[in-house]
Amino acid sequence: ASFLSDVSHETATSLLPILAAELGNPAAVLGVIEGVSDALSGTAKLWSGWISDRLKRRKPLAVAGYLISAVASSSLGAAGSAANAVGARAIAWVGRGIRSAPRAALLAGDVPAEHYGKAFGLERAMDTLGAVVGPASAALLITTLSCRTLLAWTLVPGILAAVAMAVLVRERPRQPAAPRPFLVAFAALPRPFRFYLAAVGLFGLGDFAHSMLILRAGELLTPILGAAAAPAAAIGLYGLHNVVGAIMAFVFGVAGDRFGRMRTLALAYLLGPLMILLLALPVGGGTAAIATSLVVIFVLAGAMRAGESALENAVAAQMLPEEQRGMGFGALAAVNSAGDFVSSLMVGLLWQMAGPAAAFGAALAPMIAGTLMLIWISRGRKRS
């Protein structure tokens with residue numbers, strides 16, 4: 001299910017910069033699309049996590065999320081304006097939000113605690129493998145098919161993902177939690193987990209959508225490769241980003257189980273500031289230097305995202321009791337979405353007004369602060 005879903009929506013993500021360029025003002029449009037989508041997705045994640053704790057079966061909610069995401073992502077191909085694109089992407093991300101917490105809770109409930117890192121790492125690896133296949137297919141087909149045609153075809157793997165979740169995923173019987181008002185359920189989350197949410201959220205204020213990297217790569221490669229070949233090369237780099245992510249997600253998961261999940265997550269977070277420094281610095285020295293810099297940037301970005309996606313949920317799973325996992329996973333996903341909303345919007349608008357160096361540079365401080373806070377929490381837990 002994760003593999004097929006990511007084939008669908010990562011194909012759409014890799015094509016977003018091209019669609020945004022067709023609609024005009026690409027950096028601002030892309031920032032608004034990603035920011036608004038993440039904000040609505042965060043709201044959906046909170047709601048689905050809260051409600052899933054009160055249901056006897058979480059799986060139908062996850063299936064519904066997969067279906068919504070598939071249909072809405074494919075409708076991007078019919079977008080005639082920036083508003084249409086924002087609406088379609090936002091609905092798709094609402095679907096992703098609805099499925100997020102129930103899916104994580106289903107996985108945590110079916111895996112022994114000592115293997116949380118491996119389990120979430122494997123799920124993220126399959127998810128990211130789909131993110132390799134999707135952009136790679138887009139990069140191969142974009143020279144023969146239009147961007148809008150490819151977006152429409154993302155419906156097929158998206159629907160298959162919903163079928164896989166409905167038919168292949170098992171759900172263990174569980175006793176639903178007692179009904180609680182939303183705010184009461186959120187306030188009842190364990191205090192150490194709320195501190196953890198604060199660190200994740202602080203880091204997320206600088207963790208912008210990586211589709212921005214595709215846009216930046218396209219800008220740098222256009223003078224070298226030409227306007228026709230540069231988008232395909234940029235999508236290819238995003239494919240490399242996802243190959244690294246697919247490999248490193250399981251590696252980070254195994255390392256987290258062995259050496260400590262929170263400490264390993266802090267190590268993954270440290271890759272973010274390194275990526276930002278390379279993005280913000282001026283690139284010179286000719287074609288080879290630009291190509292090398294872009295490869296390193298996309299590799300760092302892929303490894304960082306792999307560590308985040310594998311270990312943030314694994315840390316949450318070990319901190320949360322079963323009856324609060326829906327609310328906890330929903331809160332974690334919502335905090336990430338809120339950070340993505342602020343960071344993507346900030347980077348997109350600053351890029352439009354002051355250029356890419358200023359935009360990426362502004363993301364550096366919250367990334368460093370979030371990493372330091374996570375290290376502080378990790379040391380406190382080790383002492384206790």
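A contact is defined here as a pair of residues with heavy atoms within 4.5 Å. Among contacts in the protein between residues at least 6 apart in sequence, 86% join residues at least 24 apart. The model is predicted: local features require pLDDT of at least 70, side-chain atom pairs count only at pLDDT 80 or more, and totals for chains, interfaces and linings use all residues. Residues are numbered from 1 along each chain as its sequence is written, and side-chain values use heavy atoms, with hydrogens and water left out.

The protein contains 16 helices and zero strands, assigned as DSSP runs (helices: H or I, at least four residues; strands: E, at least two) and numbered from the N terminus. The radius of gyration is 20 Å, in agreement with the value near 21 Å that a compact globule of 384 residues would have; the radius is taken over C-alpha atoms, and the globule rule is 2.2 Å times the number of residues to the power 0.38. Along the principal axes, the C-alpha atoms fill a box of roughly 60 × 45 × 30 Å.

Of the 384 residues, 56% count as buried (buried, under 20% relative accessible area; exposed, over 50%; partly exposed, in between; 1.4 Å probe, protein chains only).

The structure holds twelve salt bridges, each defined by a side-chain nitrogen of Lys or Arg within 4 Å of a carboxyl oxygen of Asp or Glu. One of these pairs E171 with R57, with the closest N and O atoms 3.8 Å apart. E171 lies in the loop between helix 7 (155–168) and helix 8 (182–187) and R57 in the loop between helix 2 (26–52) and helix 3 (59–74), so the pair ties together parts 114 residues apart in sequence. R58 forms a salt bridge with E322, at 3.4 Å between the closest N and O atoms. Because R58 lies in the loop between helix 2 and helix 3 and E322 in the loop between helix 13 (287–319) and helix 14 (325–354), this pair ties together parts 264 residues apart in sequence. R58 is buried, with a relative accessible area of 2%, whereas E322 is partly exposed at 30%.

A further salt bridge joins K118 and D257 (3.4 Å, N to O), linking helix 5 (residues 116–141) to helix 11 (residues 230–259) across 139 residues.
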